[in-house]
Amino acid sequence: MVVGPDYTTNVAEAQFDEVEALLKAAFPTDAEARLVRRLRADGDMLGEFQKPWGGRSAAILR
């Protein structure tokens, strides 16, 4: 049985480590995770959202 994702929400600071782990797992290097970290630090992140699925973040949109 397939269960759909929960509603999309903003990424909270408490979820930054989970987002970083997801990015590192999704890409062959940590370049994307470093870029996201830098965009946050510089205040250049337009929007950052997560789509939880089964209690874990399934997608991050920037």
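**Salt bridges in the predicted model**

The side chains of Glu-48 and Arg-40 meet in a salt bridge, with an N to O distance of 2.6 Å; the term denotes a side-chain nitrogen of Lys or Arg within 4 Å of a carboxyl oxygen of Asp or Glu. Both Glu-48 and Arg-40 are buried, where buried means under 20% relative accessible area, exposed over 50%, and partly exposed in between, computed with a 1.4 Å probe on protein chains only.

The model is predicted, so that local features need pLDDT of at least 70 and side-chain atom pairs count only at pLDDT 80 or more, whereas totals for chains, interfaces and linings use all residues. Residues are numbered from 1 along each chain as its sequence is written, and side-chain values use heavy atoms, with hydrogens and water left out.

By the distance rule, the count comes to five salt bridges. One of them joins Lys-24 to Glu-20, the closest N and O atoms lying 3.1 Å apart. Both residues belong to helix 1 (residues 16–26), where they are four residues apart, about one turn of the helix; helices are DSSP runs of H or I with at least four residues, numbered from the N terminus. Lys-24 counts as partly exposed because its relative accessibility is 42%, whereas Glu-20, at 18%, counts as buried. Together with Arg-37, Glu-20 and Lys-24 are linked in a network of salt bridges.

A further salt bridge is formed by Arg-34 and Asp-30, with 3.0 Å between the closest N and O atoms. Arg-34 has a relative accessibility of 44% and therefore counts as partly exposed. Asp-30 is likewise partly exposed, its relative accessible area being 33%.

Terms used. Helices (H or I, at least four residues) and strands (E, at least two) are DSSP runs, numbered from the N terminus.
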